[in-house]
Amino acid sequence: DIFRFMDIQNTIGADDNKRKFVIVFDDLERCGIACKKDLLGAINNFIENRQIKVIIIADEEKISETDYDEYKEKLISRTLCMGADYESIIENIVLNYKEVSNGYQSFLVENTSLLKSVFFESGTFNIRTLKSILADFERVYTAWKESDVATDYMECALYTFGAEVYLSKVPKKDEESSEKQNFAFFT
């Protein structure tokens, strides 16, 4: 019974340390409960019957249930739309990157626009993947610098490496959509 899955009170602590309790549901769109309607019913129980404040974090564009809009209207009192300044985030990640290989952070700074390109062209807006690209490519950078191979095309390798990593993270629906994604990156 989803209405009893958590037996909680609307306060936490005691005496001078007593505080109101707040529940935060993060990534509602990825919730494993088959019917979001049931979860929203449980949230409604927390709000109306237990006077508990609830914050729901969700990418509403990814919630496909048709009943969601109706329940949202009755349940949610305020909606805040949040966006990220990805250009600034990428610049900050690059400027604060803790290199292992001497010169790698400078290489990233010089190629920030390339990193932004591969990030935005991916269409995923996934910062974790970008961070993993930077960390993983550092090994390539180190091996390349230690070899006798000219580094003229290292920027191209970084772009291609990033594009391939992003492509590997995209769920493939069919071969045709996969080919279109490859073409979008490399034009």
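Modeller: Aromatic pairs and their surroundings

The protein chain contains eight helices and four strands, where helices (H or I, at least four residues) and strands (E, at least two) are DSSP runs numbered from the N terminus. The model is predicted, so local features need pLDDT of at least 70 and side-chain atom pairs count only at pLDDT 80 or more, while totals for chains, interfaces and linings use all residues. Numbering starts from 1 along each chain as its sequence is written, and side-chain values use heavy atoms, with hydrogens and water left out.

In sequence order the elements of the chain read β-β-β-α-β-α-α-α-α-α-α-α. Of its 187 residues, 29% are buried (under 20% relative accessible area; exposed is over 50%, partly exposed in between; 1.4 Å probe, protein chains only). The chain exposes about 12900 Å², of which carbon and sulfur atoms supply 49% (Shrake-Rupley method, 1.4 Å probe; for residues, only the protein chains shown count as cover). Among contacts (heavy atoms within 4.5 Å) with a separation of 6 or more, 62% are between residues 24 or more positions apart.

Now the rings. The structure holds 12 aromatic pairs (Phe, Tyr or Trp, the last by its six-membered ring, with centres within 6.5 Å; planes under 30 degrees apart are stacked, over 60 edge-to-face, the rest tilted). One of them joins F119 and Y166: the ring centres are 6.4 Å apart and the planes stand at 70°, so this pair is edge-to-face. This pair bridges distant parts of the chain, since F119 belongs to helix 5 (residues 112-122) and Y166 to helix 7 (residues 154-169), 47 residues apart. F119 and Y166 are both buried.

A second pair consists of F120 and F125, with ring centres 6.2 Å apart and planes at 65°, so this one is edge-to-face as well. F120 is partly exposed, with a relative accessible area of 32%, and F125 is partly exposed at 38%. F125 sits in the loop between helix 5 and helix 6 (127-146). The backbone of F125 has a positive phi of about 55° although the residue is not a glycine.

N126 is partly exposed, with a relative accessible area of 29%. Its C-alpha atom is separated by 9.7 Å from that of Y86, 40 residues away along the chain.

There is also a cluster. Y97, Y104, F107, F137, Y141 and F161 form one aromatic cluster. Q105 is in helix 4 (residues 104-110) and is buried, with a relative accessible area of 18%.

The axes of helix 1 (residues 36-48) and helix 2 (residues 67-75) come within 10 Å and cross at roughly 5°, with axes taken as lines fitted to C-alpha atoms over the stretch in contact and angles run from 0 to 180 degrees between N-to-C directions. Helix 1 and helix 2 are therefore roughly parallel (under 35 degrees; over 145 is roughly antiparallel, 65 to 115 roughly perpendicular, the rest oblique). Helix 1 contributes K37, L40, I43, N44 and I47 to the contact, and helix 2 contributes D67, Y68, Y71 and L75. These residues divide into six nonpolar, one polar and two charged (Ala, Val, Leu, Ile, Met, Phe, Trp, Tyr, Cys and Pro are nonpolar; Asp, Glu, Lys and Arg charged; the others, Gly among them, polar).

K18 lies in the loop between strand 1 (11-12) and strand 2 (19-20) and is partly exposed, with a relative accessible area of 47%. Beyond its neighbours within four places in sequence, K18 is in contact with T11, I12 and G13. D27 lies in the loop between strand 3 (22-25) and helix 1. Its phi is near 60°, a positive value in a residue other than glycine, and D27 is partly exposed, with a relative accessible area of 27%.
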